[in-house]
Amino acid sequence: MTDSPLSPLLQSADAGNAESQRELFRVLYAELRAVARRELARIGGGATLGPTAVLHEAYLQLSQRQGLEFPDQARFMAYAAQAMRGLVIDYARRRQAQKRGGGFEITALPTDIPAAETTAVDADQLERLSAAIDALAAHDSGLAELVNLKYFSGFSFIEIAALSHVSERTVLRHWEKARIFLHLTLRNGDLQ
């Protein structure tokens, strides 16, 4: 397969070209904002943090890091998703902290039609999942990148295959390996 049209932009941004970094952020803004929105949806309603804030905070973190290299769009998106996942986990942890009243729940009678139910994941679950993905990265970084692209970035298997320059069947096979590893790690508590 041919390189992504973003490859020259990624290479220039990797070389430290500030203009290329800003252009890359501009080109991928909508996609990255969708990733941030999905990350926030995992912690459920009531969040005072918005997708734009998560995206911009992740951008600030990425732009301040030295020596980051992203040979292709898939690795950039996986790294950005990982950065946003960390921000959302930190936010959820702070939100649930006992010293801030995280153990108390304010209730009120609903006055409008309830929104569609979303499955909220609490901070502990997010932290355990993050630790499991970090353990997977230590074992096989490619599988961890796949999890970030699928679960956190929301890419389809076909899109991941195109980004990674492999067949969809290969992506599905790797996805199954990653799922088994994560399941066993979470079930056995092997999160060191």
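How many helices and how many strands does the protein have? In this predicted model, there are 9 helices and 0 strands, and the order along the sequence is α-α-α-α-α-α-α-α-α. The protein has 192 residues, of which 37% count as buried. Among contacts between residues at least 6 apart in sequence, 68% join residues at least 24 apart. The accessible surface amounts to about 11,600 Å², and carbon and sulfur atoms account for 53% of this area.

Helix H6 covers residues 123-139, 17 residues in total. From its first C-alpha to its last, H6 reaches 24 Å, close to the 24 Å expected at 1.5 Å a residue. An α-helix has 3.6 residues a turn, so residues three or four places apart point the same way. The buried residues of H6 are Ala123, Leu126, Leu129, Ser130, Ala132, Ile133, Ala135 and Leu136. Their packing partners are helix H3 (29-42), helix H5 (73-95), helix H7 (141-152) and helix H9 (168-188).

The structure holds 1 aromatic pair. Phe157 and Trp175 form this pair, with 5.7 Å between centres and 65° between planes, an edge-to-face arrangement. The pair links distant parts of the chain, since Phe157 belongs to helix H8 (residues 157-164) and Trp175 to helix H9, 18 residues apart. Are the two partners buried or exposed? Phe157 has a relative accessible area of 18%, under the 20% cut-off, and therefore counts as buried. Trp175, at 15%, is buried because its value also falls under 20%. Phe157 has a further neighbour: Lys150 lies over the face of its ring, at 4.5 Å from the ring centre.

Definitions and conventions
Residues are numbered from 1 along each chain as its sequence is written. This is a predicted model: local features need pLDDT of at least 70, side-chain atom pairs count only at pLDDT 80 or more; totals for chains, interfaces and linings use all residues. Side-chain values use heavy atoms; hydrogens and water are left out. Helices (H or I, at least four residues) and strands (E, at least two) are DSSP runs, numbered from the N terminus. The expected span of a helix is 1.5 Å times one less than its number of residues. Buried means under 20% relative accessible area, exposed over 50%, partly exposed in between (1.4 Å probe, protein chains only). Contact means heavy atoms within 4.5 Å. Rings of Phe, Tyr and Trp (its six-membered ring) pair if their centres lie within 6.5 Å; planes under 30 degrees apart count as stacked, over 60 as edge-to-face and the rest as tilted. A charge sits over a ring if NZ of Lys or CZ of Arg is within 6 Å of the ring centre and within 35 degrees of the ring normal. Accessible areas come from the Shrake-Rupley method with a 1.4 Å probe; for residues, only the protein chains shown count as cover.
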